[in-house]
Amino acid sequence: MRTFVDPDTCLGCGICETIAPNVFKLGSDPVAVVLLDPVPAGEEANVREAMDACPEQAISIEE
Ligand code: SF4
């Protein structure tokens, strides 16, 4: 799996980082950046949860 954050949509709220801190990290913008590409199998559930929780639907995945 790969995951992406749309920098034009991300609000920098940090929810994704809270749910999946190994995969998402807030940059200085603050916009979330993806740390692991591809996403390790053990993090996929967290990424899906973060995608569902993102208030801006800024997170997408590619299987
Ligand atoms: S949850 Fe969504 S809006 Fe919030 S920091 Fe992550 S990608 Fe950005």
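## Cis peptide bonds

Pro-30 lies in the loop between E2 and strand E3 (32-34). The structure is a predicted model, and in it the peptide bond that leads from Asp-29 to Pro-30 is cis, its omega being near 0°.

A second case involves Pro-38, whose place is the loop between E3 and helix H2 (44-53). Here the bond from Asp-37 to Pro-38 is cis, with omega near 5°. As a general rule, most peptide bonds are trans.

## Positive phi at Gln-57

Gln-57 belongs to the loop between H2 and strand E4 (59-62). Its phi is near 50°, a positive value in a residue other than glycine. In general, most residues other than glycine have a negative phi.

Is Gln-57 buried or exposed? Gln-57 counts as exposed because its relative accessibility is 63%, and the cut-off for that class is over 50%.

Pro-21 occupies the loop between helix H1 (15-19) and strand E2 (24-26). With a relative accessible area of 49%, Pro-21 is partly exposed; the exposed class requires over 50%.

Once neighbours within four places in sequence are left aside, Pro-21 is in contact with Cys-16 and Leu-35. Between Pro-21 and Val-34 the C-alpha to C-alpha distance is 9.8 Å, and the two are 13 residues apart in sequence.

## The cavity

How many cavities of 30 Å³ or more does the structure hold? There is 1 cavity of that volume. The volume of the largest cavity is about 90 Å³. Its lining comprises 13 residues, and those closest to the centre are Cys-10, Cys-13, Cys-16, Cys-54 and Ala-58. Sorted by class, the lining has 10 nonpolar, 2 polar and 1 charged residues.

## The ligand and its shell

The ligand sits in the largest cavity. Around the ligand are Val-5, the run of residues Cys-10, Leu-11, Gly-12, Cys-13, Gly-14, Ile-15 and Cys-16, and also Leu-26, Cys-54, Pro-55 and Ile-59.

This shell divides into 10 nonpolar and 2 polar residues, with no charged residue, whereas the lining of the largest cavity includes 1 charged residue. Cys-16 links several of these descriptions: Cys-16 is one of the residues around the ligand, is among those closest to the centre of the largest cavity, and is in contact with Pro-21.

Key
Residues numbered from 1 in each chain as written. Predicted model: local features only at pLDDT ≥ 70, side-chain atom pairs only at ≥ 80, totals over all residues. Heavy atoms only, no water. Near = heavy atom within 4 Å. 1 Å grid on protein atoms, 1.4 Å probe; cavity = no way out; pocket = protein on both sides within 12 Å on 5 of 7 lines; lining within 4 Å. Sits in = over half its atoms within 2 Å of the grid points. Nonpolar A, V, L, I, M, F, W, Y, C, P; charged D, E, K, R; others polar. Points joined across faces, edges and corners; volume = space filled by probe spheres on them. Helix = DSSP H or I, 4+ residues; strand = E, 2+ residues; numbered from the N terminus. Buried < 20%, exposed > 50% of the residue type's maximum accessible area, 1.4 Å probe, protein only. Contact = heavy atoms within 4.5 Å.
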